[in-house]
Amino acid sequence: MKKLIATFLSTLLLATVAGCGSAGQPSSPPSPEATSSASTEQLEPSSESNAGGTGATDVNFPTRNVEIIVASAAGGGSDLLARALATELKFSQPVVVVNRTGAGGAIGTMDALTAKPDGHTILLGMVGPFETQPHLLDVQYNLDDFRYISALTYEPLFLVVKADAPWSSVQELKDAFASGSGNTLKFGSSSQGSVPHLAQEVLYKQLNISADHVPFDGANSAVVALLGGHIDALTAHLGEINNYVSSKELKILGVYSPERSELAPDIPTIKEQGYDIDISATKFIAVNSQVPDEIVEVIRSAVEEAKNSDSFKEFLKVNYSTPNDISEEDLKAQLKRESEMYRVVIEQLGLKNQ
């Protein structure tokens, strides 16, 4: 009798194991109630996860709208980039672009960080909020608070003035606003503490000219102000100004990169004109560092697929942006290196909390 019971229990145990997958879960589809409960648990960060986690295809994500936060105004280069990417993201749920402006991008960046770390809120990262604002304001985040899922673009910066301005080179700009001339250059940028702002601070300091900064809520507003004659110059990405350059309403005096840009090979560098400056911008996709690795991989896969779509590549070409494919580790290292550079610049210029 004991032998018979043992045989029965052994058979029952084998049948139970055969009905389970490798993780000990039922192989048959779970009930809707079980699916809802399981998906909630899957989205919680795991203390045992690591940056190279796999298993993305097993994750129930997304379960609602995915938001891309853009920490600058609608209509600018960053906003257009986010919307072009959103169109190509192949998630099972809609992707919505949300503009949250203020504090040079720090407000939108903080909003992305404080959202529930389940991957449904991602950030279009920009250099300003990550590299400059932490040295200008008392922000409540740092570089280690985020995962840098994918680099999107490398964008050189261009110094631009109205087409009818009497200056056609950096030297002529210097001569017009030289110390003692009685003239003060009014220059604009997308926001206080942004890279276009600091690029000009560095340049005008080297030129030793009198210059006052006028910050705007996004590059689009700054361009409109320049076209209206409310400011004398600004620094921006080519995609934000090229239509007006083509229509001969604006003209470019120089590019801040150490070599001429392939996007505009006829434009001389500022370095060629005698001033050793190398400043550019990178844009990327980031999420809270507490988002589970398996969800990070789902997002990364979707972003990489979107980046390689013909439509997105055409968008970059039309908007004069260069594709960027550096790794997460290299991107984070670049942000840290450049952040230190801007810290020194900001201290030298005395700009903190202005």
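**Entry 1: a helix pair**

The model I am reading is a predicted one, in which local features need pLDDT of at least 70 and side-chain atom pairs count only at pLDDT 80 or more, while totals for chains, interfaces and linings use all residues. I number residues from 1 along each chain as its sequence is written, and side-chain values use heavy atoms, with hydrogens and water left out.

I noted that two packed helices are described by the angle between their axes and the distance between the axes. For helix α8 (residues 219–227) and helix α9 (residues 238–246), I looked up an angle of about 30° and axes 10 Å apart. The axes are lines fitted to C-alpha atoms, for helices over the stretch in contact, and angles run from 0 to 180 degrees between N-to-C directions.

I then asked which residues make the contact (heavy atoms within 4.5 Å). On α8 they are A219, V223 and L227, and on α9 they are E240, I241 and Y244. By class, this contact has five nonpolar residues, no polar ones and one charged residue, where Ala, Val, Leu, Ile, Met, Phe, Trp, Tyr, Cys and Pro count as nonpolar, Asp, Glu, Lys and Arg as charged, and the others, Gly among them, as polar.

**Entry 2: the whole protein**

I read that the protein has twelve helices and ten strands, which are DSSP runs numbered from the N terminus (helices H or I, at least four residues; strands E, at least two). Of its 354 residues, 47% are buried, a word I use for under 20% relative accessible area, with exposed meaning over 50% and partly exposed in between (1.4 Å probe, protein chains only).

**Entry 3: two buried residues**

I looked up Q200, which lies in helix α7 (residues 195–207), and Q200 counts as buried because its relative accessibility is 0%. Leaving out residues up to four places away in sequence, Q200 touches L159, F187, G188, S189, A233, L234, T235 and Y256. Q200 and H213 are 13 residues apart in sequence, and their C-alpha atoms are 8.8 Å apart in space.

Next I turned to S78, whose place is in helix α3 (residues 77–88), and I found S78 buried, with a relative accessible area of 6%. With residues up to four places away in sequence again not counted, S78 touches V70, S72, L124, M126 and K283.
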